[in-house]
Amino acid sequence: MADELFDIYDEEMNPLGTATRSETHAKGYWHRSIHCWLTRREGDSRFVRFQLRQATKDTNPSCYDITAAGHLSAGETLAEAVRELDEELGVQAPLEQLIPLGQVREQCEGIVNGVPFIDREVSDVFGLVCVTPLSELRLQPEEVAGVYEADLEMLLALFEGSLTELPVTGVALPPNGGPLLASHVVVKADQFVPRELSYYTNVLRSLRSCT
């Protein structure tokens, strides 16, 4: 499979040209991405969904993460990048249906399978109200190992430190194909992609008002 091509930027987000995904992460170029958190309301409760990244990912494998997210390919607009929802989860929604939650700059470094990486991203963050049952999602095997749902206030408490762990339910890809399997796991804050905790708490508080 051909390596993805990204638009790359300097620290001030001045364009530098393009680079492959592997080169971008090897040299730490700034690039752009989109984050989308799926949420729904049931009675007086608000729920939020998050994904389990595949173990084969080149950054943060087997970590819990944003419901759907991805890099913008070279020349791609945000309206086009919404394709990530359909590709990763089988959810179709235009950019106009997404609720803007702000923009964040993040950088992290690490080693995956002996290969060091430097990930520097500017990400536009959105919420989306989605009532599609978890069992009807279509997970992208190369990217997503499972999707889980938690009560928003309980998940917020986990990131704020008043809870140490949280039982959640969701769906997971079966090992040999077929329908999604029901999955029950207990999650901890340190099992999510390493970020400033304020990222998670700010997003969750913003999702409270999504309608």
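Q: How many aromatic pairs are there by this rule?
A: The count comes to 11 aromatic pairs. Rings of Phe, Tyr and Trp (its six-membered ring) pair if their centres lie within 6.5 Å, and planes under 30 degrees apart count as stacked, over 60 as edge-to-face and the rest as tilted. Please note that this is a predicted model, in which local features need pLDDT of at least 70, side-chain atom pairs count only at pLDDT 80 or more, and totals for chains, interfaces and linings use all residues. Residues are numbered from 1 along each chain as its sequence is written, and side-chain values use heavy atoms, with hydrogens and water left out.

Q: Why is the pair of Y64 and F192 tilted?
A: The planes of the Y64 and F192 rings stand at 45°, with centres 5.6 Å apart, so the pair counts as tilted.

Q: What does that pair tie together?
A: Y64 belongs to strand β5 (residues 64-65) and F192 to the loop between β11 and α5, so the pair ties together parts 128 residues apart in sequence. Helices (H or I, at least four residues) and strands (E, at least two) are DSSP runs, numbered from the N terminus.

Q: Are Y64 and F192 buried or exposed?
A: Both Y64 and F192 are buried; buried means under 20% relative accessible area, exposed over 50%, and partly exposed in between (1.4 Å probe, protein chains only).

Q: What about F159 and Y200?
A: They form a stacked pair, 4.4 Å centre to centre with 0° between the planes. F159 lies in helix α4 and Y200 in helix α5, so this pair ties together parts 41 residues apart in sequence. F159 is buried, and so is Y200.

Q: Which residues do ring pairs link into a cluster?
A: The cluster consists of W37, F50, Y64, Y148, F159, F192, Y199 and Y200.

Q: On to the core: which members of the largest one touch the most others?
A: Of its 30 residues, W37, F50, L155, V187 and F192 touch the most other members. A nonpolar core is a set of buried Ala, Val, Leu, Ile, Met, Phe, Trp, Tyr and Cys residues joined through side-chain atoms within 4.5 Å. Elements giving two or more residues to this core are β4, β9 (144-151), α4 (152-160), β10 (166-172), β11 (181-187) and α5. A second, separate core has 22 residues, including L72, F126, L128 and V147.

Q: And what is F192 in contact with?
A: Leaving aside neighbours within four places in sequence, F192 is in contact (heavy atoms within 4.5 Å) with F50, C63, Y64, D65, L155, L158, F159, V187 and Y200.

Q: Changing topic, where is M13 found?
A: M13 is in the loop between β1 (5-9) and β2 (15-20). M13 has a positive phi of about 65° although it is not a glycine. At 23% relative accessibility, M13 counts as partly exposed.

Q: Where is S62, then?
A: S62 is in the loop between β4 and β5. S62 also has a positive phi, of about 60°, although it is not a glycine. With a relative accessible area of 43%, S62 is partly exposed.
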